[in-house]
Amino acid sequence: MRRFGFFILLIIVLANCGGDKDEPQEESAGKNEYPRVCIETDKGKIVLELWPDVAPNHVANFLDLANKGFYTGLQWHRVVKNFMIQSGSPTNDISGHAGYVIPAEFSNLPHNPGTLSMARGLDPNSASCQFFICLSRRPDLDGQYTIFGRTVEGMDVVKKIGRLATDENDKPIEAVHLLKIWEEGNRFP
């Protein structure tokens, strides 16, 4: 009878190891099911994995802008130590936008180090083209900003940018650019 009880307990434990349904599924056997974007910066390369199953409109918008070359040459215009690095503004400050907004796609996912999330104004539905990568765990952002991916390579580069000296507006004193940004599998525009 003890063996039977142990066997049932083992089945229950294994059945619950499938992960949280709100969590994007991990890669299986080296096969990547998610699109990836490469960002070449003055400080090195960052690779982002995008989650269309979590935020399909934000992923489609980001890929469209990246593949059009919208982000090429822009700066990391906002760096807050131990918080995040931000880019994507055509004016290289927090006011820039793409001329339209995207409705929020909030999820239950946490803002962990390396999380890719969309910047926005006070209106939850005001995201456009600016994005940020978290440097630390930020529970205050959970459910308030649209997460649409994560850093899968180059977290050392993200941290290097995150350590830059900034002015009173959080703009890096040393400009760091997105030299190239492209979707893996596509040629650079």
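Visitor: Before anything else, what counts as buried here?
Guide: Buried means under 20% relative accessible area. The model is a predicted one.

Visitor: OK, so why does phenylalanine 132 count as buried?
Guide: Phenylalanine 132 has a relative accessible area of 4%, so it falls under the 20% limit.

Visitor: Which ring does phenylalanine 132 pair with?
Guide: Its partner is tyrosine 145, in an edge-to-face aromatic pair. The centres are 6.0 Å apart, with 80° between the planes.

Visitor: What sits over the ring of tyrosine 145?
Guide: The charged end of arginine 120 does, 4.2 Å from the ring centre.

Visitor: And which residue lies over the face of phenylalanine 83?
Guide: Arginine 138, at 4.1 Å from the centre of that ring.

Visitor: Back to ring pairs. How many turn up in the whole structure?
Guide: The search finds seven aromatic pairs. One of them joins phenylalanine 62 and phenylalanine 148, edge-to-face, at 5.3 Å centre to centre and 65° between the planes.

Visitor: How many residues apart are they in the chain?
Guide: They are 86 residues apart, and the pair links distant parts of the chain. Phenylalanine 62 is in helix α2 (residues 56-68), phenylalanine 148 in strand β7 (residues 147-153).

Visitor: Are those two buried or exposed?
Guide: Phenylalanine 62 is buried, at 0% relative accessible area, and phenylalanine 148 is buried too, at 0%.

Visitor: Which residues do ring pairs link into a cluster?
Guide: Phe62, Phe70, Tyr71, Trp76, Phe131 and Phe148.

Visitor: New topic. What volume does the largest pocket have?
Guide: About 290 Å³. It is lined by 19 residues, and Gln86, Ala119, Arg120, Gly121 and Gln130 are the closest to its centre.

Visitor: How does that lining divide by class?
Guide: The pocket lining has nine nonpolar, eight polar and two charged residues.

Visitor: How many cavities of 30 Å³ or more are there?
Guide: The structure holds one. The largest cavity has a volume of about 40 Å³.

Visitor: Which residues line the largest cavity?
Guide: Among them are His58, Phe106, Met118, Ala119, Arg120, Gln144 and Tyr145. By class, that lining has seven nonpolar residues, three polar and one charged.

Notes. Residues numbered from 1 in each chain as written. Predicted model: local features only at pLDDT ≥ 70, side-chain atom pairs only at ≥ 80, totals over all residues. Heavy atoms only, no water. Phe/Tyr/Trp six-rings, centres within 6.5 Å; stacked < 30°, edge-to-face > 60°. Helix = DSSP H or I, 4+ residues; strand = E, 2+ residues; numbered from the N terminus. Buried < 20%, exposed > 50% of the residue type's maximum accessible area, 1.4 Å probe, protein only. Lys NZ or Arg CZ within 6 Å of the ring centre and 35° of its normal. 1 Å grid on protein atoms, 1.4 Å probe; cavity = no way out; pocket = protein on both sides within 12 Å on 5 of 7 lines; lining within 4 Å. Points joined across faces, edges and corners; volume = space filled by probe spheres on them. Nonpolar A, V, L, I, M, F, W, Y, C, P; charged D, E, K, R; others polar.
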